[in-house]
Amino acid sequence: MAVITYRQALHDTLREEMLRDEDVFLIGEEIGVFEGSYKITAGLLKEFGEKRVRDTPIAEEGFVGAAVGAAMLGLRPVVELMTINFSLIALDQIVNHAAKIYGMFGGQTSVPMVLRTPGGGGQQLGATHSQNIELYYAFVPGLKVVAPSTPADAKALLLASIRDNDPVLFLENLALYNTKGEVPDVVEPAEIGKAKVSKPGTDITIIGYSRMAMVAQQVAEQLQADEGINAEVVDLRSLRPLDRETVVESVRKTGCAVIAEDDWLTYGIGAEIAASISDGAFDYLDAPVRRVAAAEVPLPYAKPLERAALPSAESLTTAVHQTLEAVGRRR
Amino acid sequence: MTEIQMPRLSDTMEEGVISTWRKNVGDQVSRGEVMAEIETDKAIMELEAYDDGVLEKILVEAGATVPIGTPIAVLGDGSGAAAQAAPAPAAPAAPAEPAASTPAPSAPVAPAEQGAKPKASPLAKAVAREKGVDLATVQGTGPGGRIIRADIEAAAAAAPSAPAAPAAPAAAPVVSNEDVEEVPLSNIRKVTAKRLTESKQQAPHFYLTSAIDVTELVAFRANLNERLQAAGGPKVSINDLIVKAVATALRANPAVNVSFAGDKMLQHKRIHLGVAVAIENGLVVPVIRDADRKSVSEIAAESREKAGRAREGKLKLDEMSGGTFSISNLGMFGIEQFSAVINPPEAAILAVGAARDEVQVRDGEFVARKILRVTLSADHRAVDGAVGAAFLQQLTGLLEDPIRIIA
């Protein structure tokens, strides 16, 4: 078992899948000659040639549309959108075409494409380049949306996404690229739509995905070490399909929950999770479900303001404390 | 098509028995018509149709016990009826409003919950149900006084041993013995067990006994009955006179006519007396409302009528709920004296024994008198010893000078 970065896990997986299946090809801005803005595709142009690693003009709607067409005809495109913010340009192709073609044409053709794209704030890239707009896509039936938090999950879910016959939004987070984790030598494709209990516990459930799943894991370990609080962490991994069962089962066990998300609070993923908890674990709740999310502002550029606007280990810890106080398990 | 579900007919009801179906499959049913009789933990209630339609299916046969919310029948336009279809009615019952939304008649535990409903987390409520803890008796420590699981667990732990006695009996000895027959608990027995266990666990009982000279009362009653009979009225019993006297004494001692409700006391302004009646498979307590404002004859007639219906299981729920004080009389069995368990959420109960001939010393002389012993069990959280004693003193005075009972 090797310890590698999230970035490396993505790179290795793309390469392995291209070697395994010659229908898999990469398409996007600056992925070839420049080897990707975040170097995920380093070396792949040299290895696989221009036919399978295609640089495109700055025209998201165009190349996403091309990928949809290629997928309909049997190829397996893996699109890199430089950041999720640019996916808005291609929104029509993603929401109106990729998501709907299978259903609208009675299953005659499917769209086996993957849209890889990083999002998230914290890099001082300004409001338009620091968004967590995964909700826009998780909202749409016909799309699958995954958001792995660890290198091993990144690998297992990217394998699954490439081999899936439906369009999959594969969400990365800029803050995760350099994080490291153990990746088994042989990784099986993950089941899309299955959450993971990344730390079992009994006192409280913390639910997160992507960067906040990692923060939740750190907070839970810290609370265990410092205060003996035994929190359970649920890493959603997939936002659509959403694994409500694992969440509900965990909350039924612990009796209270905090949801951590990098996106905005109002109407957010956390609201959906809270509704699921209310539906499936109402009689098991000892306190209202609490949510930790980003401040509802366009993310500021100034570093201290940007820090203050994003949810952090501290804000999550505070929310856990408040919830535990509400159920009398902390003095 | 409307699915009819086992309704929740009382707060304590968890399951019900269909005692009789009054309608058959294929029968036309109109809104408000009685479809079935349902035996709850306390009473037999009528299940009325909430829609017009045809009874298409009976899903639960008479005699079966099912949890509330279980579908028990299907009401439709007749097209699905197994039997020869009655003429199809105009419109099938509109929205599938399950019968479960039947507004429950005033809850049996009403007095304790007369104030604002205690705030409790869903988990606390679930654990309270499981452990048989009355939320009204628990002080919440969560935000805004919300009752949380920890509070229920503390309350359950404070009540010594036997958690949720009836719900989870300690592993019973294995019954492989042919000398022992397993008898399933009737609903009424289950509820009695649960409520009385709660009462003994949660209410700190204390007991006060008085020996009352009822020589005059017995003579008074004979005299009274002669007159009533001459006037064509029904007779009154010693118990009826005791009921009236208790009501009068409670009026003078309102501090006994209370309920303990966690962080507050409920002072009942009206006097509703429960009179315990033993029935074949348990104990029910019909309530005589405003007993202090009724005449002894009225009390006599009402108790006789209610006790009769209680034995047939025909008492309605609201006739057994809302008592503020109870009386339990075992005198007819020759019991000299006993202590009764308080019927929550009431704060006290009077146990009445048999009137016996005894020798007393009066002015240095032995005299034969009829003596009746009564024992007041009171919840010390709500009633103090002196308060209970003053009440008993008043009651004794009334019973020893019986003309005052009807005054």
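## Contacts between chain A and chain B

Four residue pairs, both members at pLDDT 80 or more, are in polar contact between chain A and chain B (N or O atoms within 3.5 Å, one able to donate a hydrogen and the other to accept it; residues adjacent in sequence count only if both atoms are side-chain atoms). On the side of chain A that touches chain B, the residues divide into seven nonpolar, three polar and three charged. This is a predicted model, in which local features need pLDDT of at least 70, side-chain atom pairs count only at pLDDT 80 or more, and totals for chains, interfaces and linings use all residues. Side-chain values use heavy atoms, without hydrogens and water, residues are numbered from 1 along each chain as its sequence is written, and chains are lettered from A and ligands numbered from 1 in the order in which they are written.

One salt bridge is counted between the two chains (a side-chain nitrogen of Lys or Arg within 4 Å of a carboxyl oxygen of Asp or Glu). A salt bridge joins the side chains of A:Asp283 and B:Arg129, at 3.8 Å from N to O.

## Buried area

Chain A and chain B bury about 830 Å² between them, 51% of it from carbon and sulfur atoms (accessible area, 1.4 Å probe, lost on being put together and summed over both parts). A:Asp283, A:Asp286 and A:Ala326 supply 53% of the area that chain A buries against chain B, more than any other three residues.

## Helix packing in chain B

Helix α5 (residues 238-252) and helix α6 (residues 296-311) of chain B pack at about 120°, with axes 9 Å apart.

Methods
Axes fitted to C-alpha atoms, helices over the stretch in contact; angles between N-to-C directions. Helix = DSSP H or I, 4+ residues; strand = E, 2+ residues; numbered from the N terminus. Buried area = accessible area lost by both parts, 1.4 Å probe. Nonpolar A, V, L, I, M, F, W, Y, C, P; charged D, E, K, R; others polar.
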